[in-house]
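Subject: Handover of a structure for your review

Dear colleague,

Please find below the sequence and structure that I am passing on to you. A short account of what was found follows directly after it.

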Amino acid sequence: MKIEVAVFPFHERMLPFIRHFNQAQDVYHICQAIAWSGSGLNGRDAAFICCHPNIGIPVVSPTETKSFIGWQILFVDCDELERSSAAFNSFTFFEQLLSKGKKIIAVAKNNNLCSNGEWTPLCQKYSEQIQFFSAADDVKGKPTSQSSGYSLLSVPVLLVGGLISQEDCLEVILALRESFMCQGKVVSCLTGSNMGLLMGMHTYTHIFDKKATLSEEDKALVLNQMAQDIVQVERPSLFIVEAPDPMMKYNNAAPNGFGLQTYLLCQALKPNLLVCSVPPDVAVAEGFLSLISKDFTARYGVPIMALHVNNVMVAAFDIIRLHKVTCVHTNIPVADMLRKQQSKNCAFPIFNVVSEGADGLAQLILQREALLW
Amino acid sequence: MPHPFIQLFKTPRSQYVYDANKNEILPVSSEAFCFLSNCTRGSENIETTSLTEIKELRQQGYLATESVVQDIRHPYTPFVGDFLDRKISQMTLQVTQGCNLRCKYCIYSEEINQHQRSHSSKSMDWKTAKQAVDFLYAHSIDSDHVTIAFYGGEPLLALPLIQQVVAYSRELFDGKEIDYTITSNGTLLTDEIMHFLVNEKIHLVISLDGPKEIHDRNRVFAGGGGTFDTIMKNLGRLKELDAEYHEKIQFSMVMDPANDFDCINEITISTKDFNQHNINAAIVDREYDEEEAAFSEKYIWKFRYQNFLAFLSVLGRFPPNRVSAISRSAISSLIQDARYIDLSGPLRQIDVPGGPCIPGQMRLFVNVDGNFFPCERVSETSPVMSIGSLETGFNVEKAIYLLNVGAITKENCRNCWAIRHCSSCAKKADIGEETLSAQFKLSHCESIRLNAYVKLRQLILLNEINCHYSDQVREKKRMAK
Ligand code: SF4
């Protein structure tokens, strides 16, 4: 009998996690997603957040009494909690559920939560019921004495990055991981999701943390050492890493991060293969993605191997209005239709991991990987 | 004889060609300029010229005689339903149709409106307002930030409803950024209302048309008498209560160009309670009474002179505080545009004139009865502008039709040099019927093209005087490779 779990606060980047978590282990079962009431998701299926097919996990608001019912453990994403401007008092909510005997498993990029702010009284009062996982405490992610400076990894590195946003990158990674694991292969994953820590994956959120005091060079070195340590412990046949930001500048009005963090990551890990997540309309201009691939080869040292077509459209009118790239989700059948129209003109194999799973993509990776090594 | 798809520009220093297909401005020699102007008049043939400069440009793909645009269709056409389902960013609630003023040019006044509703005492009820907020909630999943705007009539006549909406939506949208805007005539601001606006951080937009003699000419109480003194008194009180809030008040200025521009402008220089930085000036809207705004000569030359001073002040050659804030704000927007002129890129086979937004996505207007319109500026009585209701949801087909307003004048638009800089939207084709009018739409094109021409010429000027946006106008040598 699995232990029933709820996640809080539910957000877009949590969707791949809750979609794959239940498959990935035998102890817990996520049965409920608790989102800020303002998300507009209450009463919907969790997959609605990305306009994906339903996954059977309902979203409730923490203000509803039913948010307390039907589970024993709450997974809390502390970084998302910190980012939010919600007036809802999460710590009163935590206190209520702890007083009812429920447990909290919290994940964060930093490891000083218990001695910090509003967590402290809860940790003192309910020390048995609260457990923390932090990126900074991820043992395999800590540089050890055996690490010896910068060196290339001894396994192939697959980079999964988004052209315009990180849309579906985690989904691609988790689906590939599941597919490879079914084939008995060991894969190590390094992503920007703290929730991944609960699935035995690793995260670099503490390294790219705005408050981190590391120099850019040190960030690359720490990432490299972290990856070496992971490889040493896990002995994977493939190392999958998520690009920490969109891979290219969008335009002068919305530079979209310039792909700077991804550049840094690629200096650290020298990826051999790249799966790029693209919006369904980008391959309209023939040859466009081939040019992008050449640019990536020069900039990141890796050409595009395959595409995952996501279901987001850039909201162009927000570019000048807000100076940032914002998107709208279209439904998967529309995205699939566009994908089919465009696959004729496209120089790269195109997949949609959300609608068809990752087995085809995994197969292609194995073929290319065999050529590499 | 085939004409090149271009527009020519001449400045005291040089001459330029705007290539409409490429959406680029190129400097050309005076000989080439003369030749191209002859081509546009039909007295020379661009295809048989021996001028090396022209031949080189043509080899590089410039100066084509055909528009590359084959069809007019907005790229978001297949996704309009998604945008309306998931990404509404602003909802404007018409909380009342009542107003305590009777402005002479008001689009809702009985005398002048042809295709717009008249003043009425109708107000939105709580049930409709709540339903509207719930609708916004359910249709903004992909928006990190939403705005609820209160509009009238004079919205402050419906203060209790506004307060109820703010309280309800604050709670409902907890965890998502939400802000509020109110567009008011500024005459009903009591201490209680001011405290409410300040405490809830509601962005206030006040309509003010100029100094007392101009403002009071049009903006009068329903019972008669100008409103200027009341507004100024209220603004003074608001400043006393919260100077920081007062600083952020936005002024919406409706300019009647029959007046002397210096007189209109005087308020921006001489009135201490008028924040120069927050002016949004527009020419009085006469579209729905089928009249054109009349421009006095004094307005035109004084406006141009102020724009000239604004240019000088941008260049650090004239004290900014002695220039019309209206002109400075216009020049600032121009500089902003200059930075992004090439964002839209060259024309494509399937393309669209620059103007329209997705109807209902950017500023969905919900009237007192819960009917939907693309924004608050369109006619509520025009069937073509009705894009749904709280009862029936969006009429996506209608929204697509309005978005693709360019398609009703496809041949004109695909061959129009100003297509990238066009500001036309469905409102300019609305004659109060079930469908849009191509003829009415085309009647605005001359002035739209003139605006585009003036804008591009100003951008060239900015480039010539060597400001920081120089890379916006392509250097010929860069493409000579
Ligand atoms: S100015 Fe008129 S013809 Fe030109 S693009 Fe705009 S609407 Fe079309």
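Chain A and chain B bury about 2,400 Å² between them, and carbon and sulfur atoms give 57% of that area. On the side of chain A, the residues that lose the most area to chain B are Gly38(A), Phe317(A) and Val328(A), which together account for 23% of what that side buries. Please bear in mind that this is a predicted model.

In terms of contacts, 36 residues of chain A touch 24 residues of chain B. The interface holds one salt bridge by the rule applied: the side chain of Asp318(A) meets that of Lys87(B), at 3.9 Å from N to O. Polar contacts between the two chains amount to 16 residue pairs.

Four elements of chain A each give two or more residues to the side that touches chain B, namely β13 (312–314), α9 (316–322), β14 (327–329) and α10 (332–343). Of these, α9(A) gives the most, with five residues.

I turn now to the ligand. The residues around the ligand include Cys413(B), Cys416(B), Cys422(B) and Cys445(B), as well as Lys441(B) and Arg449(B). Seven residues of the shell are nonpolar, two are polar and two are charged.

With kind regards

Terms used
Residues numbered from 1 in each chain as written. Chains lettered and ligands numbered in written order. Predicted model: local features only at pLDDT ≥ 70, side-chain atom pairs only at ≥ 80, totals over all residues. Heavy atoms only, no water. Contact = heavy atoms within 4.5 Å. Buried area = accessible area lost by both parts, 1.4 Å probe. Salt bridge = Lys/Arg side-chain N within 4 Å of Asp/Glu carboxyl O. Polar contact = N/O pair within 3.5 Å; in protein donor to acceptor, adjacent residues only side chain to side chain. Near = heavy atom within 4 Å. Nonpolar A, V, L, I, M, F, W, Y, C, P; charged D, E, K, R; others polar.
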